[in-house]
Amino acid sequence: MDIKTPNIDALGNDGATLTDFLVASSTCSPSRAALLTGSYPMRTGVVGVLWPEGHGFGGKNGGKVGLHPNEITTDEELKEQGYATAMAGKWHLGSKAPFLPTYQGFDTYFGIPYSNDMWPYHPDPRYNFPDLPLMEGEKVLNPAIQPKDQVQLTTWFTERAIAFIEKNREFPFLVYLPHPMPHVPLYTSSKYLGKTDSVYGDVISEIDWSVGEILDSLKSNGIDDNTLFVFTSNNGPW
């Protein structure tokens, strides 16, 4: 499958492409803990996939564990240096206080607290997941994300990141944008649905669009030459 990603390609062409490196875990939550802290997952206490409150696997209850607030994250370090910090997207490092992003150094948070497949529409009924919420800070905006909402997630999170850039363009800032896609289930907005020969290709194309929108925002605000842009996967599924 040859999916065209001109905006992602441009990042490498104009900067550096790292093709040989390791992540700290093959699963989501511990790899994200390592990404934000620079520590091995075992040191952070996040050694497996975290689950919604009231649910778990292997006897672990969801909602009661997460990235410990005493861990030092990249955004906390930058915040101490005067940076404004924002996150938009999938967190998956604890769905309740005190594990949420606003307890971990982010000034603002807009996103989903865990994986987008952890919802009532999971194809395996044994999981019996609760509703997947959309959150703003510590407040639940939408307690039950529907398929029509997942269609908009890539767009919503991109727009929120750009709004933060616009607001803070005259100050040092950090934006952390972990897209839920292309983790299954796969959804894309109408502007990219059917653009390729597969839904997966459509999803990747829309993520490439997201990268392009953010790059355009940096350029239009005259800060592209003074901004470090890193694009990576947390653990490389699908």
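These are my notebook entries on a few places I looked up in this structure.

**Entry 1: the model**

I am working with a predicted model. I kept that in mind for each entry below.

**Entry 2: S189**

I started with a single residue. Where does S189 sit? I found S189 in the loop between β5 (173-176) and α7 (199-220).

Then I looked up its contacts. I left aside the neighbours within four places in sequence. S189 is then in contact with V151, T155 and E206. With E206 I noted a further detail: the side chains of S189 and E206 make a polar contact at 2.5 Å.

I also checked one C-alpha distance. S189 and Q150 are 39 residues apart along the chain. Their C-alpha atoms are separated by 8.6 Å.

**Entry 3: strand β1**

I moved on to strand β1, residues 84-90. How many of its residues are buried? I counted seven of seven, so I wrote it down as mostly covered.

Which strands pair with β1? One is β5, which runs parallel to β1 and is joined to it by four bridges. Another is β2 (residues 108-112), also in the parallel sense, over five bridges.

I picked M87 to follow the pairing on both strands. In β5, the bridge partner of M87 is Y176. In β2, the bridge partner of M87 is Y109.

**Entry 4: helix α2**

Helix α2 spans residues 28-37. I found nine of its 10 residues buried, which makes the helix mostly covered. The buried residues include C28, P30, R32 and L36.

What covers them? The list includes α3 (41-44), α4 (74-80), β1 and β5. Strand β1 from the last entry therefore turns up again here, as part of the cover of α2.

**Entry 5: salt bridges**

How many salt bridges does the whole structure hold? My search found seven. I followed up three of them, as noted below.

The side chains of K96 and E53 meet in a salt bridge, at 3.1 Å from N to O. The pair links distant parts of the chain, 43 residues apart. K96 is in the loop between β1 and β2, and E53 is in the loop between α3 and α4. K96 has 36% relative accessibility, so I noted K96 as partly exposed. E53 is partly exposed too, with a relative accessible area of 47%.

K79 forms a salt bridge with D107, and their closest N and O atoms are 2.0 Å apart. K79 lies in helix α4 and D107 in the loop between β1 and β2, so this pair ties together parts that are 28 residues apart in sequence. K79 is partly exposed, with a relative accessible area of 37%. D107 is partly exposed, with a relative accessible area of 37%.

D124 and R126 form another salt bridge, with closest N and O atoms 2.6 Å apart. Here I checked each partner. D124 counts as buried, because its relative accessibility is 18%. R126 is exposed, with a relative accessible area of 72%.

Methods: Residues are numbered from 1 along each chain as its sequence is written. This is a predicted model: local features need pLDDT of at least 70, side-chain atom pairs count only at pLDDT 80 or more; totals for chains, interfaces and linings use all residues. Side-chain values use heavy atoms; hydrogens and water are left out. Helices (H or I, at least four residues) and strands (E, at least two) are DSSP runs, numbered from the N terminus. Contact means heavy atoms within 4.5 Å. A polar contact is a pair of N or O atoms within 3.5 Å; within protein, one must be able to donate a hydrogen and the other to accept it, and residues adjacent in sequence count only if both atoms are side-chain atoms. Buried means under 20% relative accessible area, exposed over 50%, partly exposed in between (1.4 Å probe, protein chains only). Two strands pair if DSSP finds at least two bridges between them. A salt bridge is a side-chain nitrogen of Lys or Arg within 4 Å of a carboxyl oxygen of Asp or Glu.
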